[in-house]
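Subject: Structure handover, salt bridges

Hi,

Here is the structure for you to look over.

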Amino acid sequence: MDPQDHARFRDFVDARWSALLRLANLLTGGDRHEAEDLVQIALMKALGRWRHIEDPEGYVRKVMYRQQISRWRLRRPHREATFAAPPEDLGIADGTAAADLRITVGQALARLTPRQRTMLVLRYFEDLSETEVASALGCSVGTVRSTTHRSLARLRSLAPELGAPARTTAVAPNNNLPKGAHT
């Protein structure tokens, strides 16, 4: 690798590390160490082909998706993480609802299987179409549809508060679920 390519790669990593780590964190169910490993593996694979890559961001993300698929296929049976349940009502109205929602979604995602979590992350957090997810994961569109449907149903059963809109005097859309996830 010549110095110019090396500098371009270093600049890419500096600029995109945090965004790639956020995606990896979602894909791994919140395990910080696995997320860092996933990003590093993807970047190492990209480094080997850096000169030939036209879209570095897309390439690294696709490597992360596929690497995560390989991990869930090779891993021993999945153990669900357990979390202490937060109190039902803290009586606090200081704008923490968004943070509470992120925590709830994160905990619910962590309790899904890696395959279910990956499907939901790609469809709703990465905002990929069913066709793009199928292409990225190497499966059929029908598999994406059925797995996404089952994953959303399980997510709703794990965190029922995500599927029920708050009752207010005005009719507001349910913004608790990712785009396209209707109850």
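Below is what I found on salt bridges.

Note that this is a predicted model. The salt bridge count comes to 7.

Start with R61 and E57. Their side chains form a salt bridge, N to O at 2.8 Å. Both residues sit in helix α3, which spans residues 56–74. They are 4 residues apart, about one turn of the helix. Both E57 and R61 are buried.

R61 also pairs with E126. That salt bridge has an N to O distance of 2.4 Å. This pair links distant parts of the chain, 65 residues apart. R61 is in helix α3, while E126 is in the loop between α5 (114–125) and α6 (130–137).

The accessibility classes of these two partners follow from the numbers. R61 has 15% relative accessibility, so R61 counts as buried. E126 is at 21%, so E126 counts as partly exposed. The cut-off for buried is under 20%.

Next, E130 and R145. Their closest N and O atoms are 2.8 Å apart, in a salt bridge. E130 lies in helix α6 and R145 in helix α7 (residues 141–158), so this pair ties together parts 15 residues apart in sequence. E130 is partly exposed at 25% relative accessibility. R145 is partly exposed too, with a relative accessible area of 49%.

One last item, on shared partners.

Best wishes

Key
Residues are numbered from 1 along each chain as its sequence is written. This is a predicted model: local features need pLDDT of at least 70, side-chain atom pairs count only at pLDDT 80 or more; totals for chains, interfaces and linings use all residues. Side-chain values use heavy atoms; hydrogens and water are left out. A salt bridge is a side-chain nitrogen of Lys or Arg within 4 Å of a carboxyl oxygen of Asp or Glu. Helices (H or I, at least four residues) and strands (E, at least two) are DSSP runs, numbered from the N terminus. Buried means under 20% relative accessible area, exposed over 50%, partly exposed in between (1.4 Å probe, protein chains only).
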